[in-house]
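The following note sets out points on the model shown below.

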Amino acid sequence: MAGLLRGKGDVQEWQRILKNDIWDAEGDNPHILPALKLSFDHLSSHLKQCYAFCSIFPKAYIFDKKELVKLWVADGFVLSNSYHQLESAEETGSQYFDKLLVRSFFQPLNVEKPLINILHNMSKRRLHTLLVPNEYLKDLKKQTLLNMFNTMTYIRVLDLSSTTILELPQSIQKLKLLRHLDLSKTEIRRLPDSLCNLYNLQTLKLLGCPWLFELPKDLSKLINLQHLELDDMFWHKITILPPGMGKLTRLQNLHVFHTSSDQEGYGIEELKDMVHLTGTLRITKLENAANNAREAKLNQKESIDKLVLEWSNINNRSAADAEAAEETMLEELQPHSNLEELQICNYRGTGLPVWMKDGLLQNLVTVSLKHCTNCRVLLLGRLPHLQQLYIKGMQELEDWPEEEEEEEEEEEEEEEDEEEEEEEEEEEEEEEELEDWPEEGLPSLDTLKITNCPKLGKLPSFFPNLRSLKIKNCDSLKALAVTPSLMVLILVNNPALEDWKELVNFSNIDQPMCSYAKLLELKIICCPKLSALPHIFGPQKLEISGCELLTALPIPELSVLLQHLALDACEDGTLVEAIPESSSLYSLAISNISNITSLPTVVPNFPDLQALCIHDCKHLVSLFKEAAPPPGQYLTSLKLLSIQSCPEFVRLPAEGLGVKLECLMIGCCPNLEFLGPVDVLKRLSSLKDLYIEDCPKLKCLPEEGVPPSLVHLVIQGCPLLMEQCRKEGGGGSDWTKIKDIPDLEIDSINDHTPSSSAPWYRYFGCFTALGLFAYWAF
């Protein structure tokens, strides 16, 4: 009622509504509220028609606004002011919907989700003819479709989604007035060529059609087609589109366009008049558009929010010819300033286009530069809204200056060659150059990933809001940037990296700025020149592998948040001995570390430790020192224990494993003869999964057997143990201990292949069953 009255400013009009007879007729039809009936009566004729249309759907049907508007347009219920304005009909339909919504004819589930029709009964008497799928029409035969197409020639909307059809008859061309066709979630293999004679078709939905690999060759005849809806997988796997797609000037979604210079109808000029394209557009094989890239007129396509420009990754493209041609081509492919995401792949020019350097794309949120192998300098200009930047495979990239203008100013100052200025520059702190940086460049950058850029020597000095940084295979990079907001840092295979840039002084700030005070996750793999971790950071997750100079971990005071710790390939075991006390540690992984015969004494003091993985520690003899942990300091919360490829390991501890242990994995321990005391397994009352592999000297299970909680037992590559566990011939001595386990996997002695190289995470199902997340990814 409020929605009705809000548009009426005359007091007398309000009084007429108040005195309406409908308020006295409330009992006539208890299913219809008088206020809503009165609101319906005051709707314009076109809104009544649109709302009456909704009665063909089941009561309480959940509508999607965009899809409903498409159906209204297809049935001709929406009045368009201009036939030539493509958006006009759908924009008007959207306004219709909003008017019905504000008058409570639809009830929103929430702000983001579809809406529920609540006046189904009232509109049912205003039914408009429409064919929709229901539970009685799912199993459609071809003859049924033939009869349907012969008799329903005036149909405008045809929904065959989720039916069993495998093909459409050619007679579908008889539905001359058809505007909306939905074949989603069917196993249809191909579309008939006669479909292309449906000149009034506006929407063709083919979502969830896994066996559809091509479109009919005459698709360009559908000159009124606006919506061609297909899954991303279809666009990814299709290698050729029908020719002449440029004739579909009303089309709004064309996710992929493969250019060709050899066949007519595949040139990049086909995109010229497709000004209504929205969403994603990926243009591939751009080497075929060297002479006419400008004809695509991408700068006129204001509704495209993601653009992918891709050259073929082939070796027969001449590098000398490609550089100049592709630089010119990329300049001519300037997109509209509304663009939010840009990807450039396999580009061979030496520099980025002017429209990027000059900051003409102010709305960019994401930029990806992949395998632009000849680009030497990265000049992105001012991009105030850029949040994600991905750089991969730029083999010649050497420099990423702060800003092009700054670089030119520095060159001019060097040319002056004044001795006083040179002396002043030598005395200046490196950090003073950063004073104005937060106001320039990339102030909103949140995520930065740089991979396979072997010549990149430096980064911009300061990223004020960067939260996630990954740098991999950057052989020449020596120093990181100042990143006071950083939360996730991953460094992999950066042999020259040595400077964290941890503390920086600004002339206008009294206290130094710390780069890693907010850092929660740190992974370092094969960065041999890093001699220490940042001094001030309290991580939740810390992983270190192949960093020989690192000898210390965060002190206990900074480890109060530490939940996951993984140490790998530390030669002398110094880092293992440096494991700090932490009451929050959740998982601990130690691998490829020699010179440790047992775990540090601090390990039993982890009250919340739930996962302990020890792999490839060739000198490990036992989990704990000879003296058992004091009472109350056992691993009482431990749920998962994995010991793999530890050749000197001889037995489980007599004490120290808590009763909460649910999964135990022991593998590739050639000197393991006994699992431990007679009750070492029996007392593990929560044990559900037990894996024993490639322990050739292991003779038998403990005398008291396994706990009744065990539901899954795997024994492989343990010939002595498997002999005792055999069922055949009356059974071995251990058969009675395991015969009641529901899930037994015991390989025969002759069938097993040693699995010494099998990774521990092969049992990932065990982790997920325990509710543990496998962080370890070395």
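**Notes on the predicted model**

1. Ala496 lies in the loop that joins β16 (488-492) to β17 (503-504). Helices (H or I, at least four residues) and strands (E, at least two) are DSSP runs, numbered from the N terminus. The structure is a predicted model, in which local features need pLDDT of at least 70 and side-chain atom pairs count only at pLDDT 80 or more, while totals for chains, interfaces and linings use all residues. Residues are numbered from 1 along each chain as its sequence is written, and side-chain values use heavy atoms, with hydrogens and water left out.

2. Is Ala496 buried or exposed? With a relative accessible area of 14%, Ala496 is buried (buried means under 20% relative accessible area, exposed over 50%, partly exposed in between; 1.4 Å probe, protein chains only).

3. Leaving aside residues up to four places away in sequence, Ala496 touches Asp475, Ser476, Leu477, Lys478 and Lys529 (contact means heavy atoms within 4.5 Å). Ser476 is 20 residues from Ala496 in sequence, yet the C-alpha to C-alpha distance between them is 5.6 Å.

4. Helix α8 (residues 142-151) has Leu145, Met148 and Phe149 buried. Viewed down the axis of α8, the buried residues fall within an arc of 95 degrees and so line one face of the helix; the arc is that of the directions from the helix axis to the C-beta atoms. An α-helix has 3.6 residues a turn, so residues three or four places apart point the same way. The buried residues of α8 pack against β4 (157-159).

5. The protein comprises 17 helices and 28 strands. Of its 778 residues, 49% count as buried. Among contacts with a separation of 6 or more, 54% are between residues 24 or more positions apart. The accessible surface is about 36,700 Å², and carbon and sulfur atoms account for 48% of that area (Shrake-Rupley method, 1.4 Å probe; for residues, only the protein chains shown count as cover).

6. How many disulfides does a search of the whole structure find? The search returns zero, a disulfide being a pair of cysteine sulfur atoms within 2.5 Å. For Cys375, the closest cysteine sulfur, in Cys372, is 6.7 Å away, too far for a bond. For Cys474, the closest is that of Cys453, at 5.1 Å, again too far for a bond. Cys375 is buried at 0% relative accessibility, and Cys474 is likewise buried at 0%.
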